[in-house]
2 protein chains.
Amino acid sequence: MELKVKNLEIAAGDALVAMLNYEDAHHLTIFQGDRILIRAGKNNAVAVVDITHSNSLVPRGTIGLFEELTQNLNTKSGKKVFISIAEKPKSIDYIKKKMHGEKLNEKEMFSIISDIVNMRLTEIEITYFVAACYMNELSSREIVDLTEAMINTGETLALNKYPIMDKHCIGGVAGNRTTMIIVPIVAEAGLIMPKTSSRAITSPAGTADTVEFLANVSFSMKGMKRIIEKNNSCFVWGGGINLAPSDDKLIHVERPMSLDPVGQLLASILAKKKSVSATHLLVDIPLGKGAKVESKDKALMLKKMFERISRLLKIKTKVIITDGSHPIGRGVGPALEARDVLYILTNNPKGSYELREKSLEMAGILLEMGGKAKSGCGKIIAEEILTSGRAYKRFSNIIRSQGGKVCDPDSIRMAKHHCNIISNLRGRVSHIDNKIISKIARMAGAPFDKRAGIYLHKNLGEEVHRGSLLYTIYSESKQKLMYARKIADEEKAFEIK
Amino acid sequence: MELKVKNLEIAAGDALVAMLNYEDAHHLTIFQGDRILIRAGKNNAVAVVDITHSNSLVPRGTIGLFEELTQNLNTKSGKKVFISIAEKPKSIDYIKKKMHGEKLNEKEMFSIISDIVNMRLTEIEITYFVAACYMNELSSREIVDLTEAMINTGETLALNKYPIMDKHCIGGVAGNRTTMIIVPIVAEAGLIMPKTSSRAITSPAGTADTVEFLANVSFSMKGMKRIIEKNNSCFVWGGGINLAPSDDKLIHVERPMSLDPVGQLLASILAKKKSVSATHLLVDIPLGKGAKVESKDKALMLKKMFERISRLLKIKTKVIITDGSHPIGRGVGPALEARDVLYILTNNPKGSYELREKSLEMAGILLEMGGKAKSGCGKIIAEEILTSGRAYKRFSNIIRSQGGKVCDPDSIRMAKHHCNIISNLRGRVSHIDNKIISKIARMAGAPFDKRAGIYLHKNLGEEVHRGSLLYTIYSESKQKLMYARKIADEEKAFEIK
């Protein structure tokens, strides 16, 4: 059937979608979700059919094309296209197979993930896949196949080196900016560490946001490779390169139900590590009230699963469960966390002892894993590299390669407005809630306003008096500061006993 | 947060959706699928958040409202609204519960169906519900609760009469227009039969399409009641009244995966019957190659399920499994089927013997069920009513009440163009494929072109010679006739042995 194109000028987002008028569709016995082959001159594409009853949106005899499809077909409004019925992708059968409780093999898993990445499946179909994987839990073999499929449908970094180190933190702990300290130490010891990081999603700062206060973080794979060749390592925003792009599409349909299927979590993390050729991985699972993982059983289960799947993927992985019950470091927010990191790298006594210790511990494990330190000696060597100033120098070089410049941490200006939160009790700080601290810092403007956030004057276990300064909130706007303050008053971030 | 309205002038379809700019959403830590409360003066509504990266579609500081929401809030472009974060509906927890394999109770099932009908759940969330019901099969109790929820979220017809008869056919058999013969017989015997029917979805004619050739079929519940009060019965299009409106929304997400969950099928059918107060129901399951139900096991399973669920819903149901291996009657398409029905009602020898027999059989069962005939005598009484011309008179009255007029069947003009399909073999007709016949008739224009379709000159078991006329295809357009002819040549509808 011949139809006239109407460019809808909207992105469909999930799949390549074409909209037909209800009557045309009915006439051709085409239903919502059916596939049609659209031929536009030399170009053709298979699209998913959406059906509208609106004769103004898509009149009879026309076909509404969403943005991605208009581009794919290189056509425009008013042009003619020819449509015919096409078969549904095979991956739909595989999704149904998984719904029926059968196991998927490597080829089937790849077909599903590849169709997701190439916009051949709709949101509804992807939802059935996620539901099936959630209700009929993925086997270890399936997780491995899912991981490989995620890797092979995205960009990868080939470095032809061994070993290649990486680290990952499950997250949920405010101020926990260890990566920026660990990476220069490990790199300075002669190990390769092609670090990619994420931006904050629900937190006031991700590593990418914090590094961005000092340098660029958006690089192509080529750009990333150049930085690594020069410095053994880098701090690159993972979202800027096309690592395991299926992940975002799966998360998109998981979020409405707050699903957090372990198999997909593992596949997502490990795919991103393996995409940059990591051979050795250190995983940090912070455990505690207010962190992402709040139960010991869940932490142990995750640890076991990480170890099992890594083994099958041939990544040497060590998993540590750390104290995630309170913020690590004193700054929360990009500028404040960058200052914390710089204090530690320059051996300034204002640096947080806890953040320094945790970073050295983890850097030490990586040095041992990478063969740069004997068992039990990693932390000492890491400390040597830090104390000598070599880690700071390496850090400065990376930042320079990324178009930035390090600065005196004391010269960093925080956001214009601030307010102090004072204790009205005396005693000892018995708990600082990560979730509340993050909420206040975000309300104050972090991570968008880079200089907004929180500085913790007191940390866990410290003594306070009536009138002691607990923390300072920084914000670029008086209104945001007011909102942040309101949360601080309503939800107590500090417990004092 | 205060935002300026932009009316998007598009219907969202599934849920009440508001679109936020990526940066505003990120700032408020609002994600795709989160709920917000929108206040517009005195009006307010909870909406699902969609997020766009397009600053032209929804610039920062504005909120894009889909049509349904603009109406609900009685607002327009340029007006201010105030948004705040709202909780997700409880039904999402119940869907998750079902995903975890637990049973849902009456209240939970109602909450899900009610939220679907009231546009409080998105397509993704409805998909999880369907996936959960498919993978963790509904118990009989859950099917009953689902049915009741479907009834109570739609319109119902109260008749205060007993008994109230109804019939249902699972479908898939071309020309099987028994309803139009059964209804006047049953009504003439003094029984109430508030018949609602569907239009063709994948077939060349539904009962509603066929009646529409002679009269109106779109009535409100009030109009339907008036017709029944006058004639004991009616032929009303079910889609025109708001019976069990959740059904369409569930089917919408089932279709892409061709899911056909038995629990939902039963709930959908029985909800529509109970919505018009049916107390007695006859279900016809045509079984055979080319019909909807092709295996005896499936037919028996459906029969058992219908009986079990009906009992729990207090509907007296009888299920018959009939021969669905070939078309019943000679006409296929609205005008052709209407002519078949009129031949039979006027006792014209051109009427199909098989269609007449099947209709009398079924009408007889209904007369017995409704207490108008002793066991074993129903068919004789039905035949009496038909032969005497009383059924035809009752039929004419119903058609007149629906604004139509019966006519001499021989005066019915078929579509302008036709072509004859001739046998090139001699022998006996051993099979006529319902699916191929339906496909050809649809391609010829049915059910949209009311006079298009197929007339079968030969039926199952009849003898044919080389050159015998098998069937005639009618079409209003030469091109459609050509396409239909092409299918007829490629896929053999007749098997001759």
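This is a predicted model: local features need pLDDT of at least 70, side-chain atom pairs count only at pLDDT 80 or more; totals for chains, interfaces and linings use all residues.

Reader: Which residue of β6(A) stands opposite K4(A)?
Author: Strand β1, residues 2–7 of chain A, is joined by three bridges to strand β6, residues 80–86 of chain A, and the two run antiparallel. Facing K4(A) across this pairing, in β6(A), is K80(A).

Reader: With which residue does R35(A) form a salt bridge, and how far apart are the closest N and O atoms?
Author: Side chains of opposite charge can pair when their charged atoms come close. Here R35(A) belongs to strand β3 of chain A while its partner belongs to helix α5 of chain A, and the pair links parts of the chain that lie 90 residues apart. The partner is E125(A), and the closest N and O atoms are separated by 2.7 Å.

Reader: How many salt bridges are there between chain A and chain B?
Author: A search of the whole structure, over all chains, finds 64 salt bridges. Between chain A and chain B, however, the rule for polar contacts finds 12 residue pairs, both residues at pLDDT 80 or more, whereas the count of salt bridges between these two chains is zero.

Reader: What area do chain A and chain B bury between them?
Author: The contact draws 38 residues from chain A and 38 residues from chain B. On the side of chain A, Y128(A), M135(A) and M257(A) supply 19% of the area buried against chain B, more than any other three residues. Carbon and sulfur atoms account for 69% of the area that the two chains bury between them, which is about 3,900 Å².

Reader: Which element gives the largest share of the side of chain A that touches chain B?
Author: By class, this side of chain A has 19 nonpolar, 10 polar and nine charged residues. The elements that give two or more residues to it are α1 (22–27), α3 (91–99), α5 (123–135) and α10 (246–254) of chain A. The largest share, 10 residues, comes from α5(A).

Reader: What relation holds between chain A and chain B, given a turn of 180° and a shift of 0.1 Å along the axis?
Author: With that turn and that shift, chain A can be laid on chain B with an RMSD of 0.1 Å. The same surface serves both copies, with 100% of the contact residues of chain A recurring in chain B. The superposition therefore has the relation of a two-fold axis.

Reader: In what order do the three strands of the open sheet in chain A, with antiparallel pairing, lie?
Author: The edge strands, each pairing on one side only, are β16 (463–464) and β18 (494–496) of chain A. Strand β14, residues 427–432 of chain A, pairs with β16(A) in the antiparallel sense over two bridges, and within that pairing G427(A) has V464(A) as its bridge partner. The order is β16-β14-β18.

Reader: Where is P163(A), to which the peptide bond from Y162(A) is cis?
Author: The peptide bond from Y162(A) to P163(A) has omega near -10°. Another cis peptide bond joins A446(B) and P447(B), with omega about 0°, and P447(B) has its place in the loop between α17 (434–443) and β15 (453–456) of chain B. P163(A), for its part, is found in the loop between α6 (140–152) and β7 (165–169) of chain A.

Key: Residues are numbered from 1 along each chain as its sequence is written. Chains are lettered from A and ligands numbered from 1 in the order in which they are written. Side-chain values use heavy atoms; hydrogens and water are left out. Contact means heavy atoms within 4.5 Å. Buried area is the accessible area (1.4 Å probe) that two parts lose on being put together, summed over both. A salt bridge is a side-chain nitrogen of Lys or Arg within 4 Å of a carboxyl oxygen of Asp or Glu. A polar contact is a pair of N or O atoms within 3.5 Å; within protein, one must be able to donate a hydrogen and the other to accept it, and residues adjacent in sequence count only if both atoms are side-chain atoms. Helices (H or I, at least four residues) and strands (E, at least two) are DSSP runs, numbered from the N terminus. Ala, Val, Leu, Ile, Met, Phe, Trp, Tyr, Cys and Pro count as nonpolar, Asp, Glu, Lys and Arg as charged, and the others, Gly among them, as polar. Two strands pair if DSSP finds at least two bridges between them. Copies are superposed by least squares on the C-alpha atoms of residues with pLDDT of at least 70 in both.
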